Amino acid sequence: MPKAPDRPAVVSRVSELIGHTPLFELCRTETDSRLLLKLEMYNPTGTAKIRMARQMVLAAERGGELRTGGRIVESTSGNTGLGLAVIAAERGYAFTAVVDHHACADKLRAMRALGAELVYAIEGDHADLATAAREELAAELARDQPNTIFTEQHNNPANATGYAPLAHELTRAVDGRIDVLIGAVGTGGALCGTARELRRTLPHCRVVGVEPKGSIAFGGPAHAYYQSGTGTPEGAEIGALVDFDLIDAGVKVGDVEAFATARVVARATGLLIGGSAGGVVYEALAQIAAVPPGSTVVALVNDGGEKYLDTVYDDDWMRARSLLDPGVEHAVDEALGKLRGN
């Protein structure tokens, strides 16, 4: 399994900046339990997913599927595409991102700026999530094309393997004491890849998966949701990397609660986190209030909030979609304030 080497003082590739992201203590209870946020937005592209993007490309090279001058194709809502765009640029590959208009516009613009070709799975400006359509089109674009791979993040084992160094970073940072690990479940790679490696040394660590209400990995009912880059929408298959044997509890957090939490964390700490990360922190605040004294809870914050200034952090956008709820924000603010001793 890949380890987490020390980062050199001077690098010559952006991918050498991956990892070694900080831990932020969001709160500590009166019983000395603490909630730590693993701030994956401090990776290049501002997301955890560049970890697995690099690993998928390396695995394809080692397996002889991808050679000099080749093309990478992937279906993406943004963050995986950003990572693959970086890796493709520095290794000399072409990259085609199959996207939909549900993705954050800033992510789409950033992929294009990094040299990616964007192909829309659905014509027009439809804002619906189109995971299944994207997957089908990506597979079609790569099929029978020479020196071309569909990295297929939802079913690629290298996705999960790419997060093994994250587990090593955590154990080194907290001296091997993690009682609860909480993370979003989309492809399953980040949470399950980290948890699998973590349990080699911490077999009793409790693992909690979080998905949006409307996602189907932990059951129905299915409906549309606005949290980006996470969950399994209706019509899409649950990824092979979602290992239910590793997940002790699967919970659902609605868009209103997730986005309210992200907004409260920003105002309370100055830390901008992504919308789905807000859902993870929302659940983490519930967990930290109930764990035994002296526990360490780690929440994986897979991306930052800068990409969501026009959505999650914009009152007009939130209000137009009936997502702005001052009562929920007040309740989250009050709960966090108590835990932080405010």
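**Note on the predicted model of a protein chain**

1. Among contacts (heavy atoms within 4.5 Å) in the protein chain between residues at least 6 apart in sequence, 71% join residues at least 24 apart. The structure is a predicted model, in which local features need pLDDT of at least 70 and side-chain atom pairs count only at pLDDT 80 or more, while totals for chains, interfaces and linings use all residues. Residues are numbered from 1 along each chain as its sequence is written, and side-chain values use heavy atoms, with hydrogens and water left out.

2. The protein chain contains 11 helices and 10 strands. These elements are DSSP runs numbered from the N terminus: helices are H or I with at least four residues, and strands are E with at least two.

3. For 342 residues, a compact globule would have a radius of gyration near 20 Å, and the 19 Å of the protein chain agrees with this. The radius is taken over C-alpha atoms, and the globule rule is 2.2 Å times the number of residues to the power 0.38. Along the principal axes, the C-alpha atoms fill a box of roughly 60 × 45 × 40 Å.

4. Buried residues make up 57% of the 342 residues in the protein chain. Buried means under 20% relative accessible area, exposed means over 50%, and partly exposed lies in between (1.4 Å probe, protein chains only).

5. T131 belongs to helix α4 (residues 131-142). Its relative accessible area is 9%, so T131 is buried. Leaving aside neighbours within four places in sequence, T131 is in contact with S75, D100, P233 and A236. T76 is 55 residues from T131 along the chain, yet their C-alpha atoms are separated by 8.1 Å.

6. Most residues other than glycine have a negative phi, and most peptide bonds are trans. In this model, a cis peptide bond joins G220 and P221, with omega about 0°. P221 lies in the loop between β8 (206-212) and β9 (249-253).

7. D32 is partly exposed because its relative accessible area is 44%.

8. D175, also not a glycine, has a positive phi of about 55°. The loop between α6 (164-173) and β7 (180-184) holds D175. With a relative accessible area of 72%, D175 is exposed.
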